[in-house]
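Please keep the model in view while reading.

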Amino acid sequence: MRVGVITFPGTLDDVDAARAVGYAGGEAVKLWHADHDLKDVDAVIVPGGFSYGDYLRCGAIARFAPVMQEVVDAAKKGMPVLGICNGFQILCEAHLLPGALIRNHKLHFVCRDQWLKVENNATAWTSRYDNGAEILVPLKSGEGGYQADQSTLDELEGEGRVVFRYVGENPNGSRNDIAGITSANGRVVGLMPHPEHAIDALTGPTDDGLGMFLSLVDSVVKA
Amino acid sequence: MTVDTVKNAESTPDQEQPYKELGLKDDEYARIKDILGRRPTDAELAMYSVMWSEHCSYKSSKVHLKYFSDTTTDEMREKMLAGIGENAGVVDIGDGWAITFKAESHNHPSYVEPYQGAATGVGGIVRDILAMGARPLAVMDPLRFGPADAPDTRRVLPGIVAGVGGYGNCLGLPNIGGEVVFDATYAGNPLVNALCVGAMRVEDLHLAHASGTGNKVILFGARTGLDGIGGVSVLASETFDDSAGKRKKLPSVQVGDPFTEKVLIECCLELFAERIVVGIQDLGGAGLACATSELASAGDGGMHVYLDRVPLRATGMTPAEILSSESQERMCAVVRPEDLDAFMAVCAKWDVIATEIGEVTEGDRLVITWHDEVVLDVPPRTVAHEGPVYNRPIERPADQDALQADTPDGLPKPAREELLDLVKTMAASPNLASKRWVTQQYDRYVRGGTVLSQPADSGMIRIDETTNRGVALSTDCNGRYAKLDPYAGAQLALAEAYRNVSTTGATPVAVTNCLNFGSPEDPAVMWQFEQAVKGLADGCVELGIPVTGGNVSFYNQTGATAILPTPVVGVLGVIDDVRRRIPTGIGAEAGETLLLLGETHAEFGGSEWAHVVHGHLGGLPPKVDLQREKLLGEVLVAGSRDGMLSAAHDLSDGGLAQALVETCLIGEVGARVFLEADLFTELFSESTGRVLVAVPRTEELRFTDMCTARGLPWRKVGVVDPESDALEVQELGSLPLAELREAWEGTLPALFD
């Protein structure tokens, strides 16, 4: 199965996302921001980093990149899309996911190993986890505070679309301790923490994050 | 705007020039006139003054730094692919990989403007590594500040930390270590040193030179602006004084844009991969003045630069300003004419502005024109490589004997019942306290190669994902030791960095340095400098590893008071398989014995205990034994190779007590410790050549037999207790880990949150 990994100018964690795809048995395919071409991939990862230097607002410029138009169209047809960190911000800007990410409540950039609780294992990216399971993955961001208006939050909570929640002290002021959410059809997932940095205990805190990429491989094989 | 051309200079030989304001001495100005056979133009004066500054020319340190190359033997040079004089040192680490690493200081800008000063310090060292042809892979930042509770430290530290993080995080380079040290002497002069390490295939090494007549000189990256012009702005005000509307100068601290640099990195790496770069040079201190003169000086021809082609971001800039601007995120490349189109295509793909600003010429002159008029015509070697050299007066400070005679022997020692509390007090003191508040603002995970990072003894990254070959790096320096004895102090810094690298299971192979000192015009400071250079070089000979590069920062002082001499030493180690790295925290395996390798003597001169409890600095630093360090390193690497060690932690500042606290807290597990008679010395002495190791019980005999056979003293000092949540010291009592954690981790947040 082919998984596209997008590189914008300023993308940083594309190599890590590609490595995670490989660890899970998929084939990572490089996608360039300026191309109107998804190269026949089965799924897309929008990785972390500082696309366009976070100019204007995180993700605000990247959403207009030619490749993102293709991603939006494909997502509407049900293609699995994962946005990690800056990728989550871009998916929110592109309105594939509701809400927005703002500056951490303590203002500092925070890099730490973060426990997350799996709240929804019915998405294309989380089927390998048990609901209620706790996983330990890195969180590294300056603007990770999830915000949405009350009715959106109610909708997300009511429909079970919160996928991951922070366990313990809320690291960035996210509302309802939200770390990740999904689209109504469970195909698009965005989260601030970095599962692609937790695929091997040698270089990450655990290999807990690998489950997301294995879940994707499962879901595409099934589909 | 009239421009001072060569023609004009020839016809106005007696025109007054503000060379003093630009930092040139009378005799230096006279020498420039002598070289040129006329007075320099404004542009020439700007170029000579920045290139002959202490920062660029190493004029006070050169005669001493020569000692490094003089003492490096062929055997030490064996793995060295590039050394002192290049942008950064390069070492062959095997499997076809070459590693390049270097440290640089950005002290003064960081005091003036903490965020931008620190950020551009990171940016500058990363471009140095890039200019060698390598992909930058990680950064480290040794930082030093005034007292932790001083009001100005609250201004400076958060800004510097945010700057280091803001730039490095956005570049996508993991920060894998460094230091945070507090001392009153750094109050008006913090130290911001930045180290970068990069990797390339051996055959991809790029050296900075401009060869081949007809080859094109390309400036690419950011536009050139008025930031970071510093002293050269006096030229503009002197010469083009327009009292009706003087231009407002931008701050002399440069302003960085890490996004531009990230794109520049990827663009350069693609250019290298396409093999369309003959020579490359980064633009750092002294900007284009430095890059053009160094490229031309190192090449085999001359160079012609059309300065009016340089893309600007300010209007009305003079040639002198363009040459000396330190606008960030710029590189200069030399390219064959037939590769020009391909070069421009790669730059266009990355949206990087690239401009052909000149070409390599026959002859040996660097000629710069401004709208067809010659504004600079110099022999480039006189600018870049044949600057002034000073043999500054050297004198051992008059009070050095008194300082060394004031030993800590008479200081009141704690009573037995005070010792446990002291362990906690020391762990909470700013220099020993957890640096998590700082390091959690740095991304340590990006690129997925980080195997160890703070608070491990050294940072470690995987270089090759197939073979698992990697490198470890540590930077260290105890300025108090160096103050007491600069020769020994430099060796102690070397010994600690060497030990830190071997404690993680890697074999040390090369050394870099960042030598931070006071004013070279003070003979006492020059004595400290000379001693430190000798100590470090002699130490490297004894350990058999070369110094591959370094940096000197002088004038670190407030008024007449110099900082503690701070020769920061960075040691690079190689590990053939990062999967066998030794972690710092205990408790990874069930049933571990704690062994102390090395010997403990009552050594408290310059110690953290004397500093924290008595505010005392005097006597002699701990004794250095580099043969012992070497043996210790060999034993640790052998132990790691044979899987005999489950954890290891170096003993340094704060002694065994601090090592125990850290290894328990990092491993989140308790331990029971039994020590010998003099508990105070056992816990707090800072004798060198010691490492605390955890050995699985099944390996204990095999490991201790090896130590005995190789003549390395060892002693059983305790056991890891997975059931316990306390550090228990027999005869003294027990410290709950929660209490210790609060002490160790609470200090910096309380001060800076």
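Two strands pair if DSSP finds at least two bridges between them; helices (H or I, at least four residues) and strands (E, at least two) are DSSP runs, numbered from the N terminus. This is a predicted model, in which local features need pLDDT of at least 70 and side-chain atom pairs count only at pLDDT 80 or more, while totals for chains, interfaces and linings use all residues. Residues are numbered from 1 along each chain as its sequence is written, and chains are lettered from A and ligands numbered from 1 in the order in which they are written.

By this criterion, strand β17 (residues 507-516) of chain B pairs with β18(B) in the parallel sense, over six bridges. Within β18(B), Gly549(B) is the residue opposite Thr512(B). Both strands belong to an open sheet of six strands in chain B, ordered β14-β15-β16-β21-β17-β18, with mixed pairing. Its edge strands, β14 (450-452) and β18 (547-553) of chain B, each pair on one side only.

Helix α21 (residues 523-543) of chain B packs on this sheet and touches β17, β18 and β21 (566-575) of chain B, where contact requires C-beta atoms, placed from the backbone, within 7 Å. The helix direction makes about 175 degrees with that of β17(B); axes are lines fitted to C-alpha atoms, for helices over the stretch in contact, and angles run from 0 to 180 degrees between N-to-C directions.

Most peptide bonds are trans. The bond joining Gln454(B) and Pro455(B), however, is cis, with omega of about 5 degrees. Pro455(B) lies in the loop between β14 and β15 (459-462) of chain B.

Note on methods: Two residues are in contact if their C-beta atoms, placed from the backbone, lie within 7 Å.
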